[in-house]
Amino acid sequence: MTRTRSLFAAAVLALTVPTAMAGCGGDDASDESPQEVIDATFQNDEQITSGVLDLSLSASAGDQGSFEASLSGPFQGVADDPTVLPQLDLTAAVSGEGAGQSVNFEGGLVVSEDNAFVEYGGETYEVGTETFSSLKESMEASAGELDDAGDDEDPSATFREGCEQALESQGGDPAACDFDIGGWFTDLTNEGSEDVEGAETVHISGAIDVPQLIEDLTGLAGSVPGAEQQVDQAQIDQVSEAITSADFDLYSGTEDDILRKLDFGLTIDPSAIEGATPVPVDAIDFGFSFAFSEVNEEQTVDAPEDAQPIEDLLGQFGVSGLGPIDGLDGLGGDFDAGGDAGGGGGGGAGSSDAYLDCIAAAGNDPEQAADCLDEL
């Protein structure tokens with residue numbers, strides 16, 4: 001699942017833990033150990049190179065407001081080269097209301113073989129083949145470096161190596177990466193077999209050990225020099241106590257141990273957070289869900305027709321162009337996606353460095369961070 005994780009990673013941290021591990025045994029899915037199913041799923045070296053993604057987020061604070069967001073569509077990568085940027089055709093939707101305000105948004109992102117497109121306000125805008133080619137080359141080069149760094153006879157080391165490299169680059173202690181993600185799951189139950197978009201899966205339900213999860217993640221943050229001063233253990237304990245429930249439902253393919261669906265729910269009691277702004281609700285509920293269908297089946301992504309230049313869209317928000325893209329200067333000169341590639345002009349690597357230095361100096365001051373845009 002290397003390629004899929006790199007795209008939607010964000011998404012779930014545990015998905016970045018590939019390990020070659022035998023599939024679950026037994027003829028009846030209901031007889032399988034829940035922990036073994038989870039281990040085989042999250043430590044699976046089977047790649048998802050194509051399919052259809054369906055992701056959703058939601059939040060509700062009683063009659064005070066609600067929020068919903070979704071992202072869905074097909075993706076197609078290259079099976080034998082996880083560093084190649086996949087083609088995508090994703091549609092996004094956001095809606096919400098609260099405090100007398102409402103928001104509704106629909107848009108999309110299409111990445112074809114040689115171009116990228118943004119769909120917004122009923123119009124389609126293209127990045128342009130020249131700009132996209134340079135951007136794609138840079139991204140694939142970076143992906144190749146990460147892939148090479150993760151090569152190991154034991155794939156289980158991939159997550160820890162990536163974690164250690166990230167901490168070392170920030171001057172942190174790589175020993176903070178030595179924790180067991182499997183320890184985040186508790187109260188596991190095998191709910192038996194269920195069909196997910198035509199695929200037979202085994203359904204595992206359970207809860208998240210919130211204190212352990214927070215302890216591991218804050219340990220990572222606290223290992224970075226300077227960050228340990230920002231970790232307030234009392235506040236962390238309050239957040240942990242305020243989370244009254246954290247449950248999940250996982251659906252893993254019975255034949256391949258590939259994660260087909262994950263539902264996650266979180267409930268917070270805002271009154272348990274000392275010093276927080278009072279909220280006239282008993283609980284705030286969060287939901288997260290994603291599913292894969294048509295796994296490893298060939299997908300077709302067609303480039304939209306009659307697209308306008310991306311600068312036309314950016315101009316609506318007072319932006320003159322994409323600006324300098326950090327990391328592309330090594331491709332043959334400073335690169336400005338909104339203008340020239342080559343020798344001169346404003347922007348380039350120098351302004352990018354100035355911007356990053358400004359952001360670092362801004363710390364947690366949002367106004368000062370916003371002023372850093374002047375450096376670009």
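Reader: Aspartate 256: buried, exposed or partly exposed?
Author: At 23% relative accessibility, aspartate 256 is partly exposed. Buried means under 20% relative accessible area, exposed over 50%, and partly exposed in between, with a 1.4 Å probe and protein chains only. The areas come from the Shrake-Rupley method with a 1.4 Å probe, and for residues only the protein chains shown count as cover.

Reader: What sort of model is this, and how are residues numbered?
Author: This is a predicted model, in which local features need pLDDT of at least 70 and side-chain atom pairs count only at pLDDT 80 or more, while totals for chains, interfaces and linings use all residues. Residues are numbered from 1 along each chain as its sequence is written, and side-chain values use heavy atoms, with hydrogens and water left out.

Reader: Which residue forms a salt bridge with aspartate 256?
Author: Arginine 260, with the closest N and O atoms 2.6 Å apart. A salt bridge here is a side-chain nitrogen of Lys or Arg within 4 Å of a carboxyl oxygen of Asp or Glu. Arginine 260 is buried, at a relative accessible area of 11%.

Reader: How many salt bridges by this rule?
Author: The count comes to 2. Lysine 261 is partly exposed, at 26% relative accessibility. Side chains of opposite charge can pair when their charged atoms come close.

Reader: What about phi of aspartate 257?
Author: Phi is near 60° there, a positive value in a residue other than glycine. Aspartate 257 sits in the loop between strand S9 (243-253) and strand S10 (259-268). Helices (H or I, at least four residues) and strands (E, at least two) are DSSP runs, numbered from the N terminus. With a relative accessible area of 9%, aspartate 257 is buried.

Reader: And phi of aspartate 306?
Author: Near 55°, again a positive value in a residue other than glycine. Aspartate 306 belongs to the loop between S11 and S12, and its relative accessible area of 76% makes it exposed.

Reader: Change of topic. How many disulfides does the structure hold?
Author: The structure holds 1 disulfide, the term meaning a pair of cysteine sulfur atoms within 2.5 Å. Cysteine 163 is joined to cysteine 177, S to S 2.0 Å.

Reader: Where do cysteine 163 and cysteine 177 lie?
Author: Cysteine 163 is in helix H4 (residues 157-169) and cysteine 177 in the loop between H4 and strand S7 (185-196), so the pair ties together parts that are 14 residues apart in sequence. Both cysteines are buried.

Reader: Why is the disulfide left-handed?
Author: Because the torsion about the S-S bond of cysteine 163 and cysteine 177 is about -85°.

Reader: What else is found in the loop between H4 and S7?
Author: Aspartate 180 is found there. Aspartate 180 is exposed, at 52% relative accessible area.

Reader: Which residues gather in the patch of negative charge?
Author: On the surface, Asp54, Asp195, Glu197, Glu200, Glu255, Glu294 and Glu297 form that patch. Patches are made of residues with over 30% relative accessible area and no salt bridge; like charges are joined within 9 Å, and nonpolar side chains (Val, Leu, Ile, Met, Phe, Trp, Tyr) within 5 Å. Lys and Arg count as positive and Asp and Glu as negative, with His and the chain ends not counted.

Reader: Where is glutamate 297 found?
Author: In the loop between strand S11 (284-293) and strand S12 (308-309). Glutamate 297 is partly exposed, with a relative accessible area of 44%.

Reader: How far apart are isoleucine 310 and tyrosine 125?
Author: They are 185 residues apart in sequence and 4.9 Å apart in space, C-alpha to C-alpha. Isoleucine 310 is part of helix H7 (residues 310-315) and is buried at 5% relative accessible area.

Reader: And glutamate 32 and glycine 192?
Author: Those two are 160 residues apart in sequence and 8.8 Å apart in space, C-alpha to C-alpha. Glutamate 32 is in the loop between helix H1 (2-8) and helix H2 (34-42), and at 10% relative accessibility it counts as buried.

Notes:
The place of a charge is taken as NZ of Lys, CZ of Arg, CG of Asp or CD of Glu.
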